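Subject: Structure handover

Hello,

My notes on what was found follow below it.

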Amino acid sequence: MNPISKKKPTRRDRRPLYVLIVPRFEDLGNSFYSSEVTKGVNLAASRLDVDVLVHFTERKDHSHWLAGSLTDPFFVDGLLFADIDRDWEVVKKAIRSGMPTMVLNNTTAEPFNCISIDNKQAAKEAVDYLLGLGHTRIAHIAGDLNTQAGQDRLEGYYEALSEAGLPKDKHLVKKGGFLRTPARTAAQSLLTAEP
């Protein structure tokens, strides 16, 4: 009979574990962004032979984003923030703890690891495309303006209009908040507006 080992486990006794931190919001289950991020992280984890824990957090209260053992290097090998709602302090806290950290969908001049598209330029190019088709009344359904992506897209929209010599028409901007129901309501409002 073999005696039961009382050896204390070490990091080498487990597969690497990375945590994807996703701020919770209405309609999360139907979010294209969240599903694509989750799918991409899972594909990468499979290729790298590592485990991923998806940690859903409160969107408004960031005090619990790094709760528990999320920054304990014995349990976790790195953090991936799906978004941070402009809260760079939570990122700094993770980095100060020594945790390798990556931020999606945000950029900064700080020396942080970030991956994001240029939302401002993308919005400008969308407006420029419509202008090139001859349209002059171009609407914008704004995303969540608490996020960098929402702010940058609105700024790009306004900048493209300004460069084309078109006025800002507040009636052509509606709030959608990156949510299905408010965006649908905003689109219906724009499509039934007169003129």
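**A loop residue and a helix residue**

Threonine 136 sits in the loop between helix 3 and strand 6. Helices (H or I, at least four residues) and strands (E, at least two) are DSSP runs, numbered from the N terminus. This is a predicted model: local features need pLDDT of at least 70, side-chain atom pairs count only at pLDDT 80 or more, and totals for chains, interfaces and linings use all residues. Residues are numbered from 1 along each chain as its sequence is written, and side-chain values use heavy atoms, with hydrogens and water left out.

Threonine 136 counts as exposed, at 53% relative accessibility. For the cut-offs, buried means under 20% relative accessible area, exposed over 50%, and partly exposed in between (1.4 Å probe, protein chains only). Methionine 99 is 37 residues from threonine 136 along the chain, and their C-alpha atoms are separated by 49 Å.

Glutamine 148 lies in helix 4. Its relative accessible area is 15%, so glutamine 148 is buried. Leaving out residues up to four places away in sequence, glutamine 148 touches Arg86, Asn105, Asn106 and Thr107. Contact here means heavy atoms within 4.5 Å.

**Salt bridges**

Side chains of opposite charge can pair when their charged atoms come close. The structure holds eleven salt bridges. The criterion is a side-chain nitrogen of Lys or Arg within 4 Å of a carboxyl oxygen of Asp or Glu. Three of them are described here.

- Lysine 39 pairs with glutamate 36, with the closest N and O atoms 3.1 Å apart. The two are three residues apart in helix 1 (residues 32–48), so about one helical turn separates them. Lysine 39 is partly exposed at 44% relative accessibility. Glutamate 36 is partly exposed at 35%.
- Lysine 92 pairs with glutamate 89, with the closest N and O atoms 3.4 Å apart. They are three residues apart in helix 2 (residues 88–96), so the separation is about one helical turn. Lysine 92 has a relative accessible area of 25% and is partly exposed. Glutamate 89 is partly exposed too, at 47%.
- Glutamate 159 pairs with lysine 120, with the closest N and O atoms 2.9 Å apart. This pair links distant parts of the chain: glutamate 159 is in helix 4 (residues 148–163), lysine 120 is in helix 3 (residues 119–132), and they are 39 residues apart. Glutamate 159 is partly exposed at 25%, and lysine 120 is partly exposed at 24%.

Salt bridges also link Lys120, Lys124, Glu155, Glu159 and Glu163 in a network.

**The second largest pocket**

The second largest pocket has a volume of about 310 Å³. On a 1 Å grid over the protein atoms alone, a pocket is an open set of points where a 1.4 Å probe fits, with protein on both sides within 12 Å along at least five of seven lines; lining residues have an atom within 4 Å of a point. Grid points are joined across faces, edges and corners, and the volume is the space filled by probe spheres set on the points.

The lining of this pocket has 18 residues, and Ala123, Ala126, His140, Ile141 and Arg153 lie nearest its centre. Helix 3, strand 6 (140–142) and helix 4 each give two or more residues to the lining. Helix 3 supplies the largest share, six residues. By class, the lining has 13 nonpolar, four polar and one charged residues. Ala, Val, Leu, Ile, Met, Phe, Trp, Tyr, Cys and Pro count as nonpolar, Asp, Glu, Lys and Arg as charged, and the others, Gly among them, as polar.

Best wishes
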